[in-house]
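Work through the exercises below with the structure in view. Each task is followed by a solution in steps.

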Amino acid sequence: MADSRSKNVYFAKLAEQAERYDEMADHMEEVGKSGEDLTVEERNLLSVAYKNAVGSRRAAWRIITSIEQKEKGKGNEDNAGFAREYCSKVEKELQKICDTILELLDKKLIPKTPSGE
């Protein structure tokens with residue numbers, strides 16, 4: 001039977017193929033929490049997962065803020081407020097993702113990195 005680490009890596013690869021980057025990030029977070037050094041492949045999977053999870057939300061944030069500005073320009077303050085509210089939700093998601101990867105890096109991955117990497 002496959003160990004938990006290899007299962008998480010496999011699920012991360014499946015999630016990548018299915019373009020489900022949040023789940024990919026969850027699986028790679030579990031791999032990172034193991035306390036062992038990551039292989040080159042695992043580092044790449046971790047990077048892809050978080051890059052895409054953040055990237056999709058950054059794109060959403062740009063679109064929503066653009067719509068907010070258009071609504072303000074048209075004098076529709078109600079809709080601009082709704083867009084701002086939705087933008088805040090995306091910002092919170094971004095903050096959570098960034099906090100998660102930074103904590104993983106600071107507490108688990110960087111301290112275990114061999115010198116020279």
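The model used here is predicted.

**Exercise 1. Classify the packing of helix 3 and helix 4 as parallel or antiparallel.**

Step 1. The two axes cross at roughly 160° and come within 9 Å.

Step 2. An angle over 145 degrees falls in the antiparallel class, so helix 3 and helix 4 are roughly antiparallel to each other.

Step 3. The crossing of helix 3 and helix 4 is left-handed. Sorted by class, the residues of this contact are 17 nonpolar, nine charged and three polar.

**Exercise 2. Do the corresponding analysis for helix 2 and helix 4.**

Step 1. Helix 2 and helix 4 have axes 10 Å apart and pack at an angle of about 20°.

Step 2. Because angles under 35 degrees count as roughly parallel, helix 2 is roughly parallel to helix 4.

Step 3. This pair also makes a left-handed crossing.

Step 4. On the helix 2 side, the contact is made by Glu-29, Gly-32 and Lys-33; on the helix 4 side, by Thr-100, Leu-104, Lys-108 and Leu-109. These residues divide into three charged, two polar and two nonpolar.

**Exercise 3. Find the class of the angle between helix 1 and helix 3, and list the residues in contact.**

Step 1. The axes of helix 1 and helix 3 cross at roughly 45° and come within 11 Å.

Step 2. Helix 1 passes helix 3 in a left-handed crossing.

Step 3. Arg-5, Val-9, Lys-13 and Glu-16 of helix 1 meet Glu-41, Glu-42, Leu-45 and Val-48 of helix 3. The class count is five charged, three nonpolar and no polar residues.

**Exercise 4. Describe the largest nonpolar core and the surroundings of two of its residues, Met-24 and Tyr-50.**

Step 1. This core has 19 residues, and Met-24, Met-28, Leu-46 and Tyr-50 are those with the most contacts inside it.

Step 2. Helix 1 (4-17), helix 2 (21-33), helix 3 (40-73) and helix 4 (77-112) each supply at least two of the core residues. The largest share, six residues, comes from helix 3.

Step 3. Met-24 lies in helix 2. Its relative accessible area is 0%, so Met-24 is buried.

Step 4. Beyond four places in sequence, Met-24 touches Ala-12, Ala-15, Glu-16, Leu-45, Val-48 and Ala-49.

Step 5. With the same exclusion of residues within four places, Tyr-50 is in contact with Ala-25, Glu-29, Ile-97, Thr-100 and Ile-101.

**Exercise 5. Decide whether Glu-19 and Glu-29 are buried or exposed.**

Step 1. Glu-19 lies in the loop between helix 1 and helix 2, whereas Glu-29 is in helix 2.

Step 2. Glu-19 has a relative accessibility of 59% and therefore counts as exposed, since the cut-off for exposed is over 50%.

Step 3. Glu-29, at 16% relative accessibility, counts as buried, because that class takes values under 20%.

Step 4. Leaving aside residues within four places in sequence, Glu-29 is in contact with Leu-46, Tyr-50, Thr-100 and Leu-104.

Step 5. The backbone of Glu-19 deserves a note. Most residues other than glycine have a negative phi. Glu-19 is not a glycine, yet its phi is positive, at about 55°.

Key:
Residues numbered from 1 in each chain as written. Predicted model: local features only at pLDDT ≥ 70, side-chain atom pairs only at ≥ 80, totals over all residues. Heavy atoms only, no water. Core = buried A, V, L, I, M, F, W, Y, C linked by side-chain atoms within 4.5 Å. Buried < 20%, exposed > 50% of the residue type's maximum accessible area, 1.4 Å probe, protein only. Helix = DSSP H or I, 4+ residues; strand = E, 2+ residues; numbered from the N terminus. Contact = heavy atoms within 4.5 Å. Axes fitted to C-alpha atoms, helices over the stretch in contact; angles between N-to-C directions. Parallel < 35°, antiparallel > 145°, perpendicular 65-115°, else oblique. Left-handed = near helix turned anticlockwise from the far one by under 90°. Nonpolar A, V, L, I, M, F, W, Y, C, P; charged D, E, K, R; others polar.
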